Amino acid sequence: MPFLGQDWRSPGQSWVKTEEGWKKTSADDKNNNVSVESFCKAEEEECFNKENLLLSLGYDMAAKKRKKDLMNNNTKVPYFHREKWIYVHKGSTKERHGYCTLGEAFNRLDFCSAIKDTRRFNYVVRLLELIAKSQLPSLSGVAQKNYMNILERVVQKVLNDQQNVRPIKELLQTLYISLCGHVQDMGKSVLVGNINIWVHRMENIMQWQQQLDNIQINRPTSTGMGLTDLPVSLQLNIMQRLTDGRDLVSLGQVCPELGPLTEDRLLWKKLCQYHFTDRQIRKRLMVSDKGHLEWKKMYFKLSRCYPHREQYSDTLHFCTHCHILFWKDTNHPCTANNPESCTMSLSPQDFINLFNF
């Protein structure tokens, strides 16, 4: 006869022997225990995966940082272009989209080789100075980095050759003053990049200035005839080739024998007439007690009021027919019948004005 009594179990429950005795359990409790265990295991696996993910991300970030530092150290190689000429398009057409900027032209033209050429060196230095004064924020990040790389090569060339020290010191001073103002406006997106990068670049500029201040120009050992051995007429003829009055003053200080010749009134008169117009000279006349014009004093006074005349052995040229920018001694694919009639020489300021549209 079957047992018909109630064993106090609900449907789905069963008796399970434990250390504490017999207990009633159900399938739901088993499922709960299994789900809790699986949840704990899943949570442990998730934490482990997160730790591995963070470790991998940290490793990737460290690898990217090392790669970026390596690229920064080798940044002089990939950003130097050697194009002899570039096409300057100022607007969008059906054939071309966009326009050529100052930064793009600065990146693509071969300025790396230009600084090695004595005919183009002063031209490039003047262009770097004009960009440092007002055009540096308009350059792209790559162009700004390329600017600093070219500047470093210019400084190294001056340190090795021991020539053109004064214009490079003036360039570095101009750039440092300009960067001091730009770094204060970093929140206004004036310069591209982290402020620490530009602070480091300013420290490099100060280091270059110190190296230029400590440079010692060695007197060449010459056994032949020197400048002081030449006739006076030839000495004056050589001095007339100098276009900066400060060079004349330095020459008189270095060679006391040539001191009286560097004070020649005719020499300073020609220097004033070379750099300034007659109208500018008439506005700044200075007469001595003896009734003579003080051409030397007038030169330095005019230099503070008006810019000097710029003359370069080699410049960039622009073809108005095919809109190509190129160096003077390089050929460009011009389709005009007479290409020389369509080209015009560009001063450093004209080069910058070409892209101000």
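Student: How do the axes of α9 and α11 lie in this model?

Tutor: In this predicted model, the axes of α9 and α11 cross at roughly 155 degrees and come within 11 Å.

Student: What makes α9 roughly antiparallel to α11?

Tutor: Set the angle against the cut-off. The two axes cross at roughly 155 degrees, and angles over 145 degrees count as roughly antiparallel. Therefore α9 is roughly antiparallel to α11.

Student: Which residues meet where α9 packs on α11?

Tutor: From α9 come Gly-245, Leu-248 and Val-249, and they meet Leu-267, Trp-268 and Leu-271 of α11. Sorted by class, this contact has five nonpolar residues, one polar and no charged ones. Gly counts as polar, so Gly-245 is the one polar residue here.

Student: Which residues of α11 and α13 meet?

Tutor: In α11 they are Arg-265, Trp-268, Lys-269, Leu-271, Cys-272 and His-275, and their partners in α13 are Trp-295, Lys-296, Met-298, Tyr-299 and Phe-300. By class that gives seven nonpolar, one polar and three charged residues.

Student: What do α9 and α13 bring to their contact?

Tutor: Gly-245, Arg-246 and Val-249 in α9 meet Lys-296, Tyr-299 and Phe-300 in α13. The classes are three nonpolar, one polar and two charged residues.

Student: Which residues touch the most other members of the largest nonpolar core?

Tutor: That core has 53 residues, and those touching the most other members are Phe-111, Tyr-147, Ile-168, Leu-175, Leu-325, Phe-351 and Phe-355. Helix α4, residues 118-135, gives the most to this core, with nine residues. Leaving aside residues up to four places away in sequence, Phe-355 touches Val-88, Cys-100, Thr-101, Leu-102, Ala-105 and Leu-325. Another core, of 17 residues, lies apart from the largest one, and its members include Leu-261, Phe-276, Met-298 and Leu-302.

Conventions. Residues are numbered from 1 along each chain as its sequence is written. This is a predicted model: local features need pLDDT of at least 70, side-chain atom pairs count only at pLDDT 80 or more; totals for chains, interfaces and linings use all residues. Side-chain values use heavy atoms; hydrogens and water are left out. Contact means heavy atoms within 4.5 Å. Helices (H or I, at least four residues) and strands (E, at least two) are DSSP runs, numbered from the N terminus. A nonpolar core is a set of buried Ala, Val, Leu, Ile, Met, Phe, Trp, Tyr and Cys residues joined through side-chain atoms within 4.5 Å. Buried means under 20% relative accessible area, exposed over 50%, partly exposed in between (1.4 Å probe, protein chains only). Axes are lines fitted to C-alpha atoms, for helices over the stretch in contact, and angles run from 0 to 180 degrees between N-to-C directions. Angles under 35 degrees count as roughly parallel, over 145 as roughly antiparallel, 65 to 115 as roughly perpendicular and the rest as oblique.
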